Amino acid sequence: MAYGQFEQFIRNMSRVMGAVNTKLQRDLTLRTRVARRFSMVEVASLLGVDTTYLTRISGEEPLFPEGERRGRERTFSPSEIMLIRALIGSNKAAKRPYLYWRDQDTPVKVVTFGAQKGGTGKSLSAAHFAQYVNLHYGLRVGVIDADPQATISLYFADEDLPLFEQDTPTLADFMGVDDPGAQRLTNRSAAELDAIWQSSPWPGVKIIPGGANIQNGDISLFFMSQQSQVPVYRVLKDAIATWDQGNGPKTPIADLRDASGNFDMVAYETALAETVDVIVIDQQPSLTLMQLNGLVAADSVVIPQTMKGFDLATLATYVSNIGEYLEFIMGFEADLEIGAGEHMVLPTIVQEQNSQDTDQILDLYRKAPREVMQVWYSRSDAIANAAEEYKSIYEYLPPKTRRTSAKAFMTNANAVNDALVQRIWPDLPPRDFAKTFIEERWS
Ligand SMILES: Nc1ncnc2c1ncn2[C@@H]1O[C@H](COP(=O)(O)OP(=O)(O)O)[C@@H](O)[C@H]1O
Ligand SMILES: [Mg+2]
């Protein structure tokens, strides 16, 4: 029988894969995770202050981190940058906020990166967005990896993250659809849901790693949709709301200091871990029920999209399928609020040398100026190299030959994320990264 051979092949490969150490390749990246350090000048720029001010504060604040000294240069890790931000931001004399944490009345924001096609830069865009708002605004971020391939998890994983282990909970567990044979949702309390998040080496960034059992979620949701009244499209939206009710912000920034103005390190560590300000969902390239949940749960949807003709055809399919789903949902539950925020198509891997890609963007933008972003990710060798090590441009340590192109891509990433922030949080103070990009490209 023909399938006998295939079965034998699968058996052999399973045996081989059980014996090879697939972790070997990953170990180096995981061990050196977030090894990049930032100079005083870079930290000042992240905080939006000048270097003289930062140097003065470093002398005045007893808890200002030492950093690492090499000659006259002092460098800081992302965790140290977050602490510096909190020290300055909690100072009664601060003239403006430095930590843009949400207040008790604001529900968690959900931003989903999704597209029909693979390899359009969804995971990279989502990872850069999460790290950008962490580095530039001090936001606490929850990253949900909705892809069984777990790409974005690799961008955040260090050796402590139990990635690809059988009993590591995934999005399917968070949604209560981890048992494909179950008749109904597993209801988890806010505390049980909170325990599913894993910590990451980034300060205030938690993650629900991806994994194969996300597919169980689809099987489970499918059967539930067949036999009961379970609203299978809003399971994630409801789970996030339940989590948020029990795990919202508790510590106001003013409480990071005691009555006599001393910084309270314990209160700071507690506050950094007690909630997240935004949840970033990285979708799998498809529109399964699990992925539909990622869209329905979102305040904002970002569609990273390459500009080639055939790729754009996948965008047409994606939006028309979503449209059909939405119509179905509205028929079921007309008053469900979906996607109250801004949504946008983000052009990615744009080849600027030939004008085909940029002409395509121009054409799309003219027809849909709200929907299509004026800022895009250009094709970059530096990021392709960084991606091979599962590193974002914010933590990539380029070899000498790639320093210029790495710097250019960091400028590019800042522009894209500045533009996203302006749409997603109109109240946050913008930087001038997007403005500069637009002036350079569009005039
Ligand atoms: N701006 C870019 N320039 C060059 N290569 C890119 C760029 N963005 C993404 N890539 C390449 O595409 C691959 C897929 O990116 P990824 O973010 O994983 O896509 P997706 O999540 O949509 O499948 C990356 O490994 C990287 O090599
Ligand atoms: Mg991906």
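## Reading a predicted fold, feature by feature

Modeller: Let's start with a pair of strands. Strand 6 (residues 198-199) pairs with strand 7 in the antiparallel sense, over 2 bridges. Keep in mind that this is a predicted model.

Colleague: How do I read such a pairing, and which residue of strand 7 is the bridge partner of Ser199?

Modeller: The general idea comes first. Strands of a sheet pair through backbone hydrogen bonds, and the pairing is either parallel or antiparallel. Now the case here. Ser199 has Lys206 as its bridge partner in strand 7.

Colleague: What lies between the two strands of that hairpin?

Modeller: The hairpin of strand 6 and strand 7 has 5 residues between the strands. One feature to look for is Gly204, which takes a positive phi near 75 degrees.

Colleague: Which strand runs parallel to strand 7?

Modeller: Strand 5 (residues 141-145) does, and 4 bridges join strand 5 to strand 7. Find Ile144 in your viewer; it stands opposite Ile208 in strand 7.

Colleague: Are the residues on the two faces of strand 7 buried or exposed?

Modeller: To read burial, count the C-beta atoms around a residue. With 20 or more others within 10 Å, the residue is buried. In strand 7 (residues 205-208), both faces are covered. Val205 and Ile207 are buried on one side, and Lys206 and Ile208 are buried on the other. Note that Lys206, the bridge partner of Ser199, is among these buried residues.

Colleague: Which residues other than glycine have a positive phi, as Ile349 does, and where do I look for Tyr390?

Modeller: Take Ile349 first. Its phi is about 45 degrees, a positive value, although it is not a glycine. Ile349 sits in the loop between strand 10 (344-347) and helix 15 (355-367). It is buried, with 22 other C-beta atoms within 10 Å. Now Tyr390. Its phi is near 55 degrees, again positive in a residue other than glycine. Look for Tyr390 in the loop between helix 16 and helix 17. Tyr390 is buried, with 21 other C-beta atoms within 10 Å.

Colleague: Is Pro399 buried or exposed?

Modeller: Pro399 is exposed, with 9 C-beta neighbours inside 10 Å. Its place is in the loop between helix 16 and helix 17.

Colleague: How do I read a ligand site? How many residues surround ligand 1?

Modeller: List the shell, then ask which elements supply it. Here 17 residues surround ligand 1, and the closest are Gly121, Lys122, Ser123, Leu124 and Ala387. Helix 6 (122-137) and helix 16 (381-388) each supply at least two residues of the shell. By class, the shell has 7 nonpolar, 8 polar and 2 charged residues.

Colleague: Last, the whole chain. How many helices and strands does the chain have?

Modeller: It has 18 helices and 10 strands. The radius of gyration is 23 Å, close to the 22 Å that the globule rule gives for 443 residues, so the chain is as compact as a globular protein of that length. Buried residues make up 42% of the 443 residues. Among contacts between residues at least 6 apart in sequence, 76% join residues at least 24 apart.

Methods. Residues numbered from 1 in each chain as written. Chains lettered and ligands numbered in written order. Predicted model: local features only at pLDDT ≥ 70, side-chain atom pairs only at ≥ 80, totals over all residues. Near = placed C-beta within 6 Å. Nonpolar A, V, L, I, M, F, W, Y, C, P; charged D, E, K, R; others polar. Buried ≥ 20, exposed ≤ 12 C-beta atoms within 10 Å, placed from the backbone. Pairing = 2+ DSSP bridges. Rg over C-alpha atoms; globule rule 2.2 N^0.38 Å. Contact = placed C-beta atoms within 7 Å.
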